[in-house]
Every structure is written in C-alpha cells, then in structure tokens.
Amino acid sequence: MGEEIVSVVVGGQRFTAFLRAQVRASMKEAARSFRLELAAELGATATAWTFRAGAQVSIYANDDLLLVGYVDRYRPRIDATDARVAVEGRSKAADIVDSSAEHETGSFEAKTPVEIANELAAPFGITFAADGDLEPVDYQITPGESVFRAVEKLARQQGYTLMGEADGNVRLPKAGSKRHAGGIIEGHNLKSGEADHNWSNRHSKYVVRGQRATGSGPDSLEVEAIARDAGVGRYRPVIIVEQDDTTPARARKTARNRRDKAAGRALTATVTVQGFRDERGSIWQPGWLVWVESDFLQIRQEMLIETVDFVQDGVGGSETKLGLVDPRSYGGKKNKGNKSGEAWEQSDDEATDE
C-alpha cells in the first residue's frame, strides 16, 4: 500500500502536518471521534482560531473521507521550549447524542425506529438509514430524553446498533454483509494482537419474560421465550424482564439476540495492522467481516470488525487497530470455515416459547 496522507480541512484550509492523528469508528457508537496533536509556534494565535471549539472539520485519508464533524475541545499546552495543541471532537451525530429530543407530541404510533429517528433528527440535519427491515412500534418520548437514547433503545430491541458514518449520518447496520479482501494472518501482516476469553456473562439459557401493553390471555400477559446455549456445560440461567410492550415473536428474538451477543462477546480480540487499508486498498470499515488466522490467539475464522482506530504518528507511521468479535454477537451466522478453538463454539438453535 502507498503512503497514507491524513488531512484535515477546517476554516477553508487543509492541514497535513500532525504529531499524531487518530480517528475512531465503531459499530456501537453513533458518532465517530477524532483526536489531533499538533505543534504550534510560541505566542501564535492562528492555530487557536482555526481549531477553536465548535469549528467544523472534515478528515481524510488520502481521498477517502473518514469523518465530518466538529471540534469539542481545544487544549493548548506550553512550557519554556515547546507549545502543543490537542484537538478532540466527534462527527455531526454528536448533536443527537448530547441533545434532548423535541417533538410536537412526543408520541409515535406504528412507526419503525428509523422513521422515528428521522423525525427527531431532522432539526439537526442528521439522517438515519437501516440495512434491514425493522418492525413498526409505538413509542412515547420521555421528557429530556436524547434522540440517541430513544432510538438506541428501540433499535436494540430489534437487534440493531447505531453506527456513525463518515459523512456524519447514522446507520443501523446489518453486520457482516460485506467482507474485506485478504485477511489478517499471524506471521504475515499481523503486527500485534491480543484476545480476551471471558465467559463471566455467558449463560446456559436466557429466559425473556414480558407482557403486551393491551389485551388479555397468556399471549398478552404471560409472554415468555427461552434460548439455550449448548456451549455452556453447566447450569447458569438468566431471566430478562422486558419493561416495554413485548410480543411472543419479539421475546424470542430478544432471547436469541442476548444469547448470541453474550457468546460472541465472551471471546474478543484486538489486532494492529500496518496502514489503513485491506489488500485491495479499501479503508477498514466497522461492520465488515475479515478472515483472521492466529494460532497463538486461537482464532482461525471470519471475524466481525466492531471498532476501527486509524492512527498516524512519527513512531508507527500509519496503523489501524481493529476490535474484533465473533459475527454471531451481532446476529451473524456461524462460519462454516471456523477452525478456531473450542472456546469459540456456541449454540445456533432458535429460541422457543418453552
């Protein structure tokens, strides 16, 4: 891969000289984030004016957009011989994370989470999109509730997360629908890596219980679904009580999602590779699959990229740190080519009503 040039456009000017530049994108964060460290001349005020808090910025890796957003914090530091500035900020979606939702009635009937999100986010100039079809729901905004909190709750109930995109908008992604070229292989392009085998939140069965907002009878008042994880060999049940309107189908989906996410997140990995791109030159993307092989980490399968941290400095050059999870933690399917250790196994059974 050729040299990566990180550039930041702010106030009509383009800057490329940084002591350190970092951009973070994540499947579970509605706003991307960045941090820049740059040198400043002693006594100079131009840098402060250009990168002032609230300034709009666009960050690129060569010609690929990484982030459009605003400066949250401007932190200058000076001593007898040196002057430096740290600049931190987030993509445009930070406004719907931090701000309260305003709506004429605060009430929604038979609308999908995306439809609700776009109504609430319209004043902010933010749009939402989803990679799949979401079920219509009824919802009442809690006074003071942020747009993010309302939509995240509704999306989570249907197995989705809110992911910030480079242009500042938000997507409810279908995890694993795209794959990166090549792979990350120990002894080839894996610079460093670590895995966390943690079963503390994994259970033998997940029982979801709830009620319908209206109606009578068992299907309304005694809604229950069970998902079992055959990979857990001892008795470890957990009961989840849904506070919102719950249908039998929704309860089954919740039970299955909780099981799969817990099993997938029980084994995670973080790897670092040189550069910002895969073997075909595509920028690393959260939500995409990548083949990973490491005997030491006990991974030999497709993994889902949950987080991406692009870093460029004078020490490591251009590097990308990837946070990886089993695809099933986001509703993906078991990979037929999986040759990882037994600790990565989990049940694929559907949730049932008994």
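1. Strand 3 (residues 20-26) pairs with strand 20 in the antiparallel sense, over seven bridges. Arg20 stands opposite Asp313 of strand 20. Helices (H or I, at least four residues) and strands (E, at least two) are DSSP runs, numbered from the N terminus, and two strands pair if DSSP finds at least two bridges between them. Strands of a sheet pair through backbone hydrogen bonds, either parallel or antiparallel.

2. This is a predicted model, in which local features need pLDDT of at least 70 and side-chain atom pairs count only at pLDDT 80 or more, while totals for chains, interfaces and linings use all residues. Residues are numbered from 1 along each chain as its sequence is written, and side-chain values use heavy atoms, with hydrogens and water left out.

3. Strand 19 (residues 289-294) pairs with strand 20 in the antiparallel sense over six bridges, and Trp291 has Glu302 of strand 20 as its bridge partner. These two strands form a hairpin with four residues between them, and Gln298 in the turn has a positive phi of about 60°. Strand 21 (residues 317-325) is joined to strand 20 by nine bridges, again in the antiparallel sense. Thr307 stands opposite Gly323 in strand 21, and strand 20 and strand 21 form a hairpin with three residues between them.

4. How enclosed is strand 20? Of the 15 residues of strand 20 (residues 299-313), 13 are buried, so the strand is largely enclosed by the rest of the structure. Buried means under 20% relative accessible area, exposed over 50%, and partly exposed in between (1.4 Å probe, protein chains only).

5. The largest nonpolar core has 38 residues, and those with the most contacts inside it are Phe34, Leu36, Ile184, Trp284 and Leu324. Strand 20 gives the largest share of this core, five residues. Apart from it lies another core of 28 residues, including Ala101, Ala117, Val137 and Val170. A nonpolar core here is a set of buried Ala, Val, Leu, Ile, Met, Phe, Trp, Tyr and Cys residues joined through side-chain atoms within 4.5 Å. In soluble globular proteins, nonpolar side chains tend to be buried together.

6. Three strands form an open sheet in the order 9-12-11, with mixed pairing. Its edge strands are strand 9 (128-130) and strand 11 (163-164), each pairing on one side only. Strand 9 and strand 12 (residues 170-172) are parallel and share three bridges; Phe128 has Val170 in strand 12 as its bridge partner. Helix 3 (residues 113-121) packs on the sheet, touching strand 9 and strand 12, and its direction makes about 165° with that of strand 9. Contact means heavy atoms within 4.5 Å; axes are lines fitted to C-alpha atoms, for helices over the stretch in contact, and angles run from 0 to 180 degrees between N-to-C directions.

7. Another open sheet has three strands in the order 16-15-17, and its pairing is mixed. Strand 16 (223-228) and strand 17 (237-241) are the edge strands, each pairing on one side only. The twist averages 15° from one strand to the next. Strand 15 (residues 205-210) runs antiparallel to strand 16, joined by six bridges, and Lys205 has Arg228 as its bridge partner in strand 16. Helix 6 (residues 248-265) lies across strand 15, strand 16 and strand 17, at about 30° to strand 16.

8. Ser204 is in the loop between strand 14 (192-197) and strand 15. Ser204 counts as buried because its relative accessible area is 13%. Among the residues that Ser204 touches, not counting those up to four places away in sequence, are Ala227, Arg228 and Tyr235.

9. Thr246 lies in the loop between strand 17 and helix 6, and is buried at 2% relative accessibility. Beyond four places away in sequence, Thr246 touches Gly210, Gln211, Arg212, Val223 and Ala251.

10. Thr246 also lines the largest cavity, together with Gln157, Glu242, Asp244, Asp245, Arg250 and Thr254. This cavity has a volume of about 50 Å³, and a search of the whole structure finds three cavities of 30 Å³ or more. On a 1 Å grid over the protein atoms alone, a cavity is a set of points where a 1.4 Å probe fits but cannot get out, and lining residues have an atom within 4 Å of a point. Grid points are joined across faces, edges and corners, and a volume is the space filled by probe spheres set on the points.

Definitions and conventions. 1 Å grid on protein atoms, 1.4 Å probe; cavity = no way out; pocket = protein on both sides within 12 Å on 5 of 7 lines; lining within 4 Å.
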